[in-house]
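Good morning, colleagues. Please look at the sequence and the structure first.

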Amino acid sequence: MSQLELDTYKQLVETTPVLFYVVDVNLNYTYISPFFARIHNITQEEAVGLCISDVIGEEGFKGNFPHYQAVLNGESIAYDSFFIKPDGNPHYYHAIYTPLEDSGEIIGFTGVVIDTTAEKTLDRLAKTDELTSLKNRREFEAYLESLLKSDDAQNHTLLLVDIDHFKSINDDLGHGEGDKVLVKFARILEGTIASAGDVYRVGGEEFMVILPHMSDDTLIKEKSNELRSKIESAKLTATRRVTASIGGTTFNHKSVRSDLLRKVDGALYTSKENGRNCVTIL
Ligand SMILES: Nc1nc2c(ncn2[C@@H]2O[C@H](COP(=O)(O)OP(=O)(O)OP(=O)(O)O)[C@@H](O)[C@H]2O)c(=O)[nH]1
């Protein structure tokens, strides 16, 4: 390689906002890029000879150690990970480790670490309901579609949970209190459904629950009534009792999305017609 080509490569590496580094077999740095130096508040010269743990800390070092061992055994590694920054926010990154060889012998590895925090944050925002932190309608539609398209022939349950007279809660107590009710309501839904399924906020005061591989009529009614009674007995506001109506139905991969949604809507409508604060499974 000519000197010009070498200088060009160096310039590319040194002007890219990505962490590049090289370590030897003892995990001591032999090179860090200027961006790496800036992020870790160290000079390039100071880093040479230091161990990875001296720069990124013992905890991160221990977490990554199996990857270091694998790359020093000749494997090329790429993985996604994160750590919690001192300000409590997560920092996401994508790391690529490649063995560095000299005359067929591994003498260390090269590391490339790309900050993916912005990408991950956008991804999370696109999937999450901002007020309640539950998964949003887009996520509901995606999961439902995956179940309807799958080869899995087992039956699942879909519940539509709707707060009763929510408009009057807003009207009487104000929109801010209404928001607080929605957040507490979401926590009850999550806590009650737990690992049995997934909870989504699909509209203002409308929530969907998908219970995969659950189709036992008795169990569905039990779970739905547990949910309904927990909401009724929780003190969601200081002055007003809050209740919810629930509609539910079972489905499998042969179900048609529009029929299924119409059926669960119909079940909820029946609960509302029957006086609210009740469960209808069709
Ligand atoms: N506070 C608050 N209110 C919301 C939000 N999204 C929708 N709403 C309100 O939710 C209310 C829903 O009212 P309706 O659809 O009439 O239903 P309801 O009053 O709950 O009546 P039933 O469902 O028939 O029992 C409307 O007043 C919306 O303005 C939100 O994010 N926060």
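**Domains and annotated spans**

Residues 154–282 are 47% helix and 22% strand, with their end C-alpha atoms 18 Å apart. Helices here are DSSP runs of H or I with at least four residues, strands are runs of E with at least two, and both are numbered from the N terminus. This is a predicted model, in which local features need pLDDT of at least 70 and side-chain atom pairs count only at pLDDT 80 or more, while totals for chains, interfaces and linings use all residues. Residues are numbered from 1 along each chain as its sequence is written.

An automatic or database domain assignment supplies the domain bounds: domain 1 covers 3–116 and domain 2 covers 128–281. Their centres, taken over C-alpha atoms, are separated by 47 Å.

Let us turn to the ligand. Of the 16 residues around the ligand, those that come nearest are Asp164, Phe166, Lys167, Gly178 and Gly204; a residue counts as near if its C-beta atom, placed from the backbone, lies within 6 Å. Helix 9 (175–193) gives the largest share of this shell, four residues. Strand 6 (156–163) and helix 8 (166–173) are also among the elements that supply at least two residues each.

Next, helix 5. Helix 5 (residues 58–72) has a kink of about 50 degrees at Asn64, shortly before the proline Pro66. The bend is the angle between axes fitted to the seven residues ending at a residue and the seven starting there. Asn64, Val71 and Leu72 are the buried residues of helix 5, where buried requires 20 or more other C-beta atoms within 10 Å of the residue's own, exposed 12 or fewer, and partly exposed in between, with C-beta atoms placed from the backbone. Just after helix 5, Gly74 has a positive phi of about 105 degrees.

Asn41 is exposed, with 8 other C-beta atoms within 10 Å.
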